[in-house]
Amino acid sequence: MTEIITERLQRDWPVVCEIWQALRGALDAVGLQDQLPAEPTAFTRTELKKDPFDSSESLSGEWLVNGQLIGSVIVHENGQAYAEYDVVQPHPTKPQWFIEATTAWGKSGALASELRLLPAL
């Protein structure tokens with residue numbers, strides 16, 4: 001990891017932790033908070049992505065398991081963030097729904113989260 005990415009990761013890690021708690025909060029609402037560890041693990045892959053419009057750089061982190069993407073976070077220079085993490089299981093209280101993932105977005109101190117649902121087959 002380059003020094004610039006390491007510095008950016010250190011700067012944005014508190015936001016990553018906060019967004020992780022928002023991801024867990026959406027799961028907690030349906031009793032599935034244990035689907036994610038209490039604290040985020042280190043990213044498997046991290047990079048800075050340059051926005052072609054305004055040239056700002058966003059920190060992008062991904063979690064992979066056996067080479068498969070299971071979660072990601074992007075933190076933009078302006079502090080806006082978006083994350084998603086795969087859950088992939090039936091909804092525990094609504095059998096007509098299947099939980100694909102938990103998502104969270106916003107800025108530090110003002111995050112929203114929800115479950116991404118699909119109709120059950």
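Trainee: Which residues is leucine 23 in contact with, once its neighbours within four places in sequence are left aside?

Mentor: Contact here means heavy atoms within 4.5 Å, and on that reading leucine 23 is in contact with Leu36, Ala83, Glu84, Tyr85, Thr102, Thr103 and Ala104, leaving aside neighbours within four places in sequence. Please keep in mind that this is a predicted model, in which local features need pLDDT of at least 70 and side-chain atom pairs count only at pLDDT 80 or more, while totals for chains, interfaces and linings use all residues. Residues are numbered from 1 along each chain as its sequence is written, and side-chain values use heavy atoms, with hydrogens and water left out.

Trainee: Which residues touch the most other members of the largest nonpolar core?

Mentor: A nonpolar core is a set of buried Ala, Val, Leu, Ile, Met, Phe, Trp, Tyr and Cys residues joined through side-chain atoms within 4.5 Å, where buried means under 20% relative accessible area, exposed over 50%, and partly exposed in between, with a 1.4 Å probe and protein chains only. The largest such core has 24 residues, and Leu23 and Val73 are the ones that touch the most other members. Helix 1 (3-28), strand 2, strand 3, strand 4 and strand 5 (97-107) each supply at least two residues of this core, and helix 1 gives the most, with nine residues. Helices (H or I, at least four residues) and strands (E, at least two) are DSSP runs, numbered from the N terminus.

Trainee: How far apart are the end C-alpha atoms of helix 1, and what should its residues span?

Mentor: The expected span of a helix is 1.5 Å times one less than its number of residues. The 26 residues of helix 1 should therefore span 38 Å, and the end C-alpha atoms are 36 Å apart, which agrees. There is also a kink of about 50 degrees at aspartate 12 in helix 1, shortly before proline 14; the bend at a residue is the angle between axes fitted to the seven residues ending there and the seven starting there.

Trainee: In what order do the six strands of the open sheet stand?

Mentor: Two strands pair if DSSP finds at least two bridges between them, and here the six strands form an open sheet in the order 1-2-3-4-5-6, with antiparallel pairing. Strand 1 and strand 6 (110-119) stand at the edges with a single partner strand each, so one side of each is left without a neighbour in the sheet. As examples of pairing, six bridges join strand 1 (residues 45-50) to strand 2, with glutamate 47 having serine 60 of strand 2 as its bridge partner, while strand 5 and strand 6 pair over 10 bridges, and alanine 101 has arginine 116 of strand 6 as its partner.

Trainee: Is serine 72 buried or exposed?

Mentor: Serine 72, placed in strand 3 (residues 68-75), counts as buried because its relative accessibility is 18%. Not counting residues up to four places away in sequence, serine 72 touches Gly61, Glu62, Trp63, Tyr82, Ala83 and Glu84. By contrast, asparagine 66 lies in the loop between strand 2 (57-65) and strand 3, and is exposed, with a relative accessible area of 78%.

Trainee: What is the phi of asparagine 66?

Mentor: Phi of asparagine 66 is near 50 degrees, a positive value in a residue other than glycine. Valine 88, in strand 4 (residues 81-90), likewise has a positive phi, of about 55 degrees, although it is not a glycine.
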